[in-house]
Amino acid sequence: LRDIAYETRTTNLVRENLLEPFDGAQARVSDYFVSFPRGRPVQVEATILTRTRTPDAEARVQQLLSQKLERDVEVTLAQVLIDEDKDLETAKILDLAESSLGAPLREEISRIEVLAGKRQQEADVKAGVPFTLAGSDIDADAMTATLFAAPDPAFSISAYRSMEERMSENFPDWKVTVVPPIGELPPVTFADGADELDDSADRVLADCVWALRRWGVQEVEAVGHASTSGELQRFDNRSLAFRRAEAVATRLEAEGFTATPTGEYRAINQKQGERDFGLQAYQSVRIRLK
């Protein structure tokens with residue numbers, strides 16, 4: 001961006017000073033081209049349409065630009081004499097503006113504008129990130145942005161997924177991918193005594209699937225739990241915990257993952273945990289990474 005800004009300022013300065021040696025003469029710039037070869041002086045090529053030739057114009061422009069830019073400049077100045085009986089805006093002059101010298105100038109200006117636009121898009125995407133970044137891979141040419149979120153307890157998996165959707169809406173031409181920090185997935189909860197996924201469980205499971213894909217995980221374990229509430233017997237609760245795990249594992253398998261279901265139920269040792277964390281924590285399935 002600094003290079004682009006410098007090149008733009010230099011190009012503007014060149015344009016403003018090309019006619020300085022022609023002061024008082026009827027002259028105009030037909031076209032000009034400024035290049036910045038590495039390790040060499042700035043190169044300036046220009047065509048001046050004038051009624052009177054100025055012998056030392058090239059040397060004067062070169063000296064003036066070198067002083068103002070405070071670096072070496074090499075100037076090639078072509079003076080095209082215009083018939084005094086013809087106006088400078090004739091078709092012949094307009095044709096000269098389409099000369100081979102003007103073509104690379106227009107191409108270079110277009111290149112700089114496109115490059116600047118891409119860099120601005122990259123900056124806009126990065127500025128639109130609503131969370132702290134641990135890293136990013138933003139490619140303006142491919143119009144893709146992969147954003148790696150830094151750990152932050154204030155954001156849940158669902159929140160990161162929503163932010164990805166919002167950024168995709170804000171930058172519809174881009175493919176925006178948010179990678180949440182790797183951590184514990186939210187529990188997929190079930191109603192008391194139930195082993196079927198309801199709408200709430202479906203939403204949580206969809207968030208888990210989204211996160212697993214962002215992490216590149218293929219193999220997981222679905223660990224089912226059951227609480228000690230109700231009239232269920234110990235054997236039935238163990239069975240319930242496994243059936244819940246199986247329901248989640250089946251859904252994960254359908255999404256392309258390898259999922260192993262297991263059930264955990266300890267009626268006696270579990271009671272204190274239920275008092276500390278609530279029954280809902282034990283009416284759920286935890287998805288663990290392998």
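**View 1. Helix H6 lies across strands E7, E8 and E10.** H6 runs at about 0° to E10 (angles run from 0 to 180 degrees between N-to-C directions, with axes fitted to C-alpha atoms). The model is predicted: local features need pLDDT of at least 70, side-chain atom pairs count only at pLDDT 80 or more, and totals for chains, interfaces and linings use all residues. Residues are numbered from 1 along each chain as its sequence is written, and side-chain values use heavy atoms, with hydrogens and water left out. Helices (H or I, at least four residues) and strands (E, at least two) are DSSP runs, numbered from the N terminus.

**View 2. The ends of H6.** Aspartate 198 caps the N-terminal end, with a side-chain oxygen 3.2 Å from the backbone nitrogen of serine 200. Just after the helix, glycine 216 has a positive phi of about 75°.

**View 3. An open sheet of four strands in the order E7-E10-E8-E9, with mixed pairing.** Strands pair if DSSP finds at least two bridges between them. E7 (188-189) and E9 (258-264) are the edge strands, each with a single partner, so one side of each has no neighbour in the sheet. E8 (residues 219-225) and E10 (residues 284-289) run antiparallel and are joined by five bridges; valine 220 has leucine 289 as its bridge partner in E10.

**View 4. Ring pairs link Phe131, Phe155 and Tyr160 into a cluster.** Rings of Phe, Tyr and Trp (its six-membered ring) pair if their centres lie within 6.5 Å; planes under 30 degrees apart count as stacked, over 60 as edge-to-face and the rest as tilted. The structure holds three aromatic pairs. Among them, phenylalanine 131 and tyrosine 160 are edge-to-face, 5.6 Å centre to centre with 80° between the planes.

Definitions and conventions:
Polar contact = N/O pair within 3.5 Å; in protein donor to acceptor, adjacent residues only side chain to side chain. Contact = heavy atoms within 4.5 Å.
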